[in-house]
Amino acid sequence: MIPVMEFRQFSEQQPAFRVLKPWWDVFTEYLSVIMLMIGVFGCTLQVMQDKIICLPQRQLPPDNSSQVEMKPLFNLQSNTSAVKEMSGLKTYLDIQQYSFINQMCYEKALHWYAKYFPYLVLIHTLVFMVCSNFWFKFPGSSSKIEHFISMLSKCFDSPWTTRALSEVSGENPEEKDDKKSRTSLSNVAVSAGEGSLVKTQSLRSIPEKIVVEKTSASVLDKKEGEQAKALFEKVKKFRLHVEEGDILYIMYVRQTVFKVLKFLVIIAYNSSLVNKVRNRVHCEVDIQNMTGYKYFMCNHTMAHLFSKLSYCYLCLVAVYGLTNLYTSYWLFYRSLKEYSFEYVRQETGISDIPDVKNDFAFMLHMIDQYDPLYSKRFAVFLSEVSENKLKQLNLNHEWTADKLRQRLQTNTNNRLELQLFMLPGLPDTVFELTELQSLKLEIINNVTIPASISQLEDLQELSLYQCSLKLHTTATSFLKENLKVLRVKFDDNRELPNWLYSLRNLEELHLTGSLSPDASRNIVLESLREMKCLKTLSLKSNLTKIPQSIVDVSSHLQRLYLHNDGTKLVMLNNLKKMTNLIELELVHCDLERIPHAIFSLTSLQELDLKENNLRSIEEIISFQHLRKLTCLRLWYNSIMYIPEHIKKLSSLERLYFSNNKIEILPSHLFLCNKLRYLDLSNNDIRFIPPEIGVLQSLQYFSVTCNKIEILPDELFFCKKLKTLKLGKNSLSILSPKISYLSLLTYLELKGNHFELLPQELGCCRALKRCSLIVEETLFETLPSDVRDQMKAE
């Protein structure tokens, strides 16, 4: 016997799979159960009762009635005696002979349909039942179904589903309860009039309780939030996997077609054979040598019952088949490989639920037949809006206001700054930091600035590095009035926010990203004309000429930084209109000459021409008209010599010539006696003229990475020197006159050929060991007291 427990696995899976069983599958299952009971009942009767009862016939069959009456071989008597025995017919057969006759006639005379009808019913019904559930067991489809049902139940029971449906559709249950409570409270207060003090206190205490309950109820448990987040990822991956094929649809269609064909076969042969089930059966068996008889008349004891059961079975099969025909119609005349959540979008207000296809769509169609509520709640986990809200909630749990406050730092503009990097979103807790002055967001997608940003009354600076940003209307108005500095770094010009042109109080704008090389086609730089307060503009891009939008703000623009990433910048005549420029940077613009338009900028104080292709700077004489020019950066070019008329730049205080190809320093360079900062590093200089001693204001001097072999003593007459960089040269002796530099705080000597250091270094009281860049072995050549002095804090 097979234990009943072996079938437990089949019964346990049915409750889980019921969501994928439409009404016709459930109906046909009940029909199968009834048909199965008919088969089992018939088989039971076959086993428990006699199948057929036969008696011998003395008369010949009708076709042989003219012949002489047949008698048993062992009872040959006269005709007279035979007629007398007709009153009580005796066969002289024993019980074993009857059993033998019954068995032989059952096998030979009874029609096979009458014999095997119950077994046919049982087999056909089992085939129907197996076929109906085959797609639940087939390996290629069962795995998808199990995963889908598992996720469906979790999505249905998830607390986030209820919250998302209420919040996204604007039906927050907590808000409704709060409104109802407040309404009832107001009604009570109005009706009560001027009540007693006790009543007034009780009424005041109720709203506080409601607020507390609302706060606790509106906060989703952190564990539940993490579980919902994991569900979103599972649904995404499952959707990508299931939408690739349609095996579930094919399996269901095949089993439905098979059931229809089987229904037609059963109806066809049962209808033609049902009349073969009869009560009286004529039997002719050649067993005269054993019983003395050849012809028998038999009674099929269950013929009447089997006949009724067969007609009943035919009716059930007909209903079963019609139901499957309807299923076939549903399968072939509806687009089941596409599923639209249109009705869910309209009902819930979640407009971004994507339509699905193939097996994913087919399963959702099946679920709708069970209960459309399942697909509605499941759709929440296909919505990006819902996912973003959940991420926002989890983000607020992770980044509390106290945690964010610990990350506050002071930036270069002396503002209190919060920097957030690669987060899934912007925590709402940011807007609780009322002391925040600068907000820097890097590589954060789907950033939404809510109206609560208006709480940050001190916010003046905003940095967006590769962030897609959306603004609430109130937030836009707030930024228009308060924002002073905006930095935007983008990969695609479509990422530039449209609202940046409306920031009328903006003072600094820094844009970094790829724009169209043709400035006339730069629709992203539409116009900066509304920015009446703009003073600083920085563009790190690939422009070929200065955009007209920059000219629009030239009347009040003071600082212009153009970093061009190697693209050649031509047509610089627009610079002449920017008469109020104080600082100008033209970096990596592939300039071969100093643009003449610069010489018209009479207010210019700082000029930076870094990383261009400047070889000759003869035009430098025209800088004498720029009487306010104090800083000139010509570094990282290919300049081979410095013209003598550089002496005309008497107002220069900082001069950068590093990373060029200069070999000779003209003595006229040192007639710029206001120089405080001079950088000549990374050149081919071999000799420093003694006229360097004229630079009595010099505080910073660098000649690292050159070919200098000796230093003039006049260098040490520059007594205001604080930083002296002599590393990576060919020096072998350091003059004791180094002691004249009493203010020296940084000295670099590493990479030379010194054998020892002068003990006069001890006179440089401000020089410490950490600021003396020299080999350790060379440092040990100093007297011990000097070393101890430098090591002392």
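This is a predicted model: local features need pLDDT of at least 70, side-chain atom pairs count only at pLDDT 80 or more; totals for chains, interfaces and linings use all residues.

## Aromatic pairs

Let us stay with the rings for a while. The structure holds 28 aromatic pairs. One of them joins Phe128 and Tyr320 in a tilted arrangement, with 4.4 Å from centre to centre and 40 degrees between the planes. Phe128 belongs to helix α5 (residues 112–132) and Tyr320 to helix α14 (residues 303–332), so this pair ties together parts that lie 192 residues apart in sequence. Are these two residues buried or exposed? Both Phe128 and Tyr320 are buried.

Phe134 and Phe138 give another example: their ring centres are 5.8 Å apart and their planes meet at 40 degrees, so this pair is tilted. Phe134 has a relative accessible area of 38%, which makes it partly exposed. Phe138 is partly exposed too, at 30% relative accessibility.

In soluble globular proteins, nonpolar side chains tend to be buried together. Here, the largest nonpolar core has 127 residues, and those that touch the most other members are Ile598, Phe623 and Phe701. Helix α20 (residues 473–482) supplies the largest share of this core, with 3 residues.

Which residues does Phe623 touch, leaving out those up to four places away in sequence? Its partners are Ile594, Ile598, Phe599, Leu607, Leu629, Leu632 and Leu649. There is also a second, separate core of 49 residues, with Met151, Tyr249, Tyr252 and Val380 among them.

## Charges over rings

The charged end of Lys403 sits over the ring of Trp399, at 4.2 Å from the ring centre.

You will find Tyr636 in the loop between β18 (631–633) and β19 (654–656). Its relative accessibility is 35%, so Tyr636 counts as partly exposed. The phi angle of Tyr636 is near 55 degrees, a positive value in a residue other than glycine.

## Another positive phi

Lys728 also has a positive phi, of about 55 degrees, although it is not a glycine. Lys728 is located in the loop between β22 (723–725) and β23 (746–748). Is Lys728 buried or exposed? With a relative accessibility of 54%, Lys728 counts as exposed.

## A buried serine in a loop

Our last stop is Ser681, placed in the loop between β20 (677–679) and β21 (700–702). Although Ser681 lies in a loop, its relative accessibility is 6%, so Ser681 counts as buried.

What surrounds Ser681, apart from its neighbours within four places in sequence? Ser681 is in contact with Phe657, Ser658 and Asn659, and also with Ser702, Val703, Thr704 and Asn706. For one more distance, look at Lys725: 44 residues separate Ser681 and Lys725 along the chain, and their C-alpha atoms are 8.6 Å apart.

Key: Residues are numbered from 1 along each chain as its sequence is written. Side-chain values use heavy atoms; hydrogens and water are left out. Helices (H or I, at least four residues) and strands (E, at least two) are DSSP runs, numbered from the N terminus. Buried means under 20% relative accessible area, exposed over 50%, partly exposed in between (1.4 Å probe, protein chains only). Contact means heavy atoms within 4.5 Å. A nonpolar core is a set of buried Ala, Val, Leu, Ile, Met, Phe, Trp, Tyr and Cys residues joined through side-chain atoms within 4.5 Å. Rings of Phe, Tyr and Trp (its six-membered ring) pair if their centres lie within 6.5 Å; planes under 30 degrees apart count as stacked, over 60 as edge-to-face and the rest as tilted. A charge sits over a ring if NZ of Lys or CZ of Arg is within 6 Å of the ring centre and within 35 degrees of the ring normal.
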